[in-house]
Amino acid sequence: MPDDIKKDVNLSSVPITSMLKRNEIKLLVVEDDRFLRELLVGKLKREGFTVVEAFNGEEAINQIRAEHPHLILLDLVLPGVDGFGVLAAMKDATELKTPTIVLSNLGSREDIDKAMTLGAKEFMVKAHHTPQEILERVKKVLEERYLQQ
Amino acid sequence: MKIRYTLFFRFFWTLVALGIIPMAISSGFLVASYQVRIAAVLGAAEARELLFNIGIQFFLIFIFVLIIATFAAYVISRNISRPLQVLTEAVRLIGEGNLKIKINILRKDEIGVLGEFFNEMVLRIKDAQDRQEEISRLKSEFITVAAHQLRTPLSIVKWAYTAVLEGDFGPVAEGQRNILGKAAIANESMIKLVHNLLDAARIEEGRFGFKFERVDFGAFLKKLFEEKKLLAEKKGVILTININPKDILYLNADPEKLSIAVGNIIDNAVRYTASGGSVGISLDAEEAFAIIKIQDTGIGIAPEDKTRLFTKFYRGSNVMHLETEGTGLGLFITKNIVVSHGGEVWFNSEHTKGTTFFIKLPREASSKSPTNVSFESFVGAI
């Protein structure tokens, strides 16, 4: 996984805040609702993240392949290939593997278990969290994934 | 089954009686009418010999009748009891919930007719049950889809309010902040309602998804207390906690679900206690149980509300006009979670003086089937 190693080297032992100032961390936001996507992307960009967007599953997989984001915020109910499909694709192909926070309005134990088994790091119900809380969770997952060896 | 109650035994005796009685009567007549004359013609010795012969013949016939009766009783009773056994077994299986049964009785007599009716009945019950299951499935699917569809616009509203209130779109004046804050709170209670609706729907489907694990219950309760303390302080209610057991109290439980169950009761206690009042949480251990007590100095529960408090969408008459918040689902969910842990929940309340809720949980939870619970609560709601 050359890309994975590259990411690790880039990020290791550098505090997240200073990296954010240099727009070095790239996120992928997969969300089909345009308004929600714009609000979230706006918030993340103001914080200093570089953000790429996708509005369905196929697009998301293409973006992962092309952009190699450090972290994905993934909705589950999407037109075409849904969020579970994206998670399954990442699980199957090592070059696509990326830490993922699922951001959905589903939220039953079955959905959560299914997403977690497919490799999601966190599961957040959109209606229960503000963009600020999501932002904090993004930082937490990034720190866990890339800064603590 | 005792042998004298079996069909075989009854047929046997009937047949023996049918065979013996007419024969005994006819022998009696025979002997009575001819004995005197025979004795006159042949002499007493021959007559006695003939009488003895008749006795022997009677005995032989009696043996013969016994054999025939045994055989016939066996054939007839088997003829009737075999299909009855099949039916009994079928009814037992249906009682256990297996409706994929068709009994095979090829006879054309009354028992054959019974068998046909039986098969028809099973088919109809199966139809009714399938339909019931389908309706219940569609209902919960509808609730899930509706709730999900509601959540998307609710998230949009929530995110929009927070974006404005956090100043993402420029500074917000105090008056604007105030009014937007109120709208945001109303939106939050709507989100809470949708969340509770989803939980209630899952409980009724019996797929609330419990995950039991070993829980340090004192620590669990302290954590919950810390979460709720802020909410209470905001309302001017003093929230205290008392963990009485000296040793660590382990419970086999689902911590996530239990924090909903206990949290609902703490929320209620705080919500319905006026500023300056207090809510006390305490934990005690019994041999096989843990007992949580949540005592408030709130408005209490009116006597007429006490029996229906744990049913769906029921809210106390005294809280309806107090404030609009509250979904009427909290205690329904709490009870279902506690009962699914094999525990009990109950309360003492004095109207206007305060309420004490008790939750008793077994240390080794034996999870009760949630469908039973929902049936119980369904019946309770009628």
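**Reading helices, sheets and cores**

Mentor: Let us begin with a helix on a sheet: helix 8 (residues 330–340) of chain B lies across strand 6 and strand 7 of chain B, at about 25 degrees to strand 7 of chain B. Helices (H or I, at least four residues) and strands (E, at least two) are DSSP runs, numbered from the N terminus. Contact means heavy atoms within 4.5 Å; axes are lines fitted to C-alpha atoms, for helices over the stretch in contact, and angles run from 0 to 180 degrees between N-to-C directions. This is a predicted model: local features need pLDDT of at least 70 and side-chain atom pairs pLDDT 80 or more, while totals for chains, interfaces and linings use all residues. Residues are numbered from 1 along each chain as its sequence is written, chains are lettered from A and ligands numbered from 1 in the order written, and side-chain values use heavy atoms, without hydrogens and water.

Trainee: Which strands of chain B does helix 6 lie across?

Mentor: Helix 6 of chain B lies across strands 2, 4, 5, 6 and 7 of chain B, running at about 20 degrees to strand 5 of chain B.

Trainee: What is the order of the strands in the open sheet of chain B?

Mentor: Strands of a sheet pair through backbone hydrogen bonds, either parallel or antiparallel. Two strands count as paired if DSSP finds at least two bridges between them. Here the five strands follow the order 2-4-5-7-6 in chain B, with mixed pairing. Strand 2 (238–243) and strand 6 (344–350) of chain B are the edges, each pairing on one side only. Strand 4 (residues 278–285) and strand 5 (residues 289–296) of chain B run antiparallel and are joined by seven bridges; Val279(B) has Asp296(B) in strand 5 of chain B as its bridge partner.

Trainee: Which residues touch the most other members of the largest nonpolar core?

Mentor: A nonpolar core is a set of buried Ala, Val, Leu, Ile, Met, Phe, Trp, Tyr and Cys residues joined through side-chain atoms within 4.5 Å. Buried means under 20% relative accessible area, exposed over 50%, partly exposed in between (1.4 Å probe, protein chains only). In the largest core, of 42 residues, they are Phe217(B), Ile292(B), Ile294(B) and Phe357(B). Helix 6 (residues 255–271) of chain B gives the most to this core, with seven residues.

Trainee: Which residues of helix 4 of chain A are buried?

Mentor: In helix 4 (residues 57–67) of chain A they are Gly57(A), Ala60(A), Ile61(A), Gln63(A) and Ile64(A).
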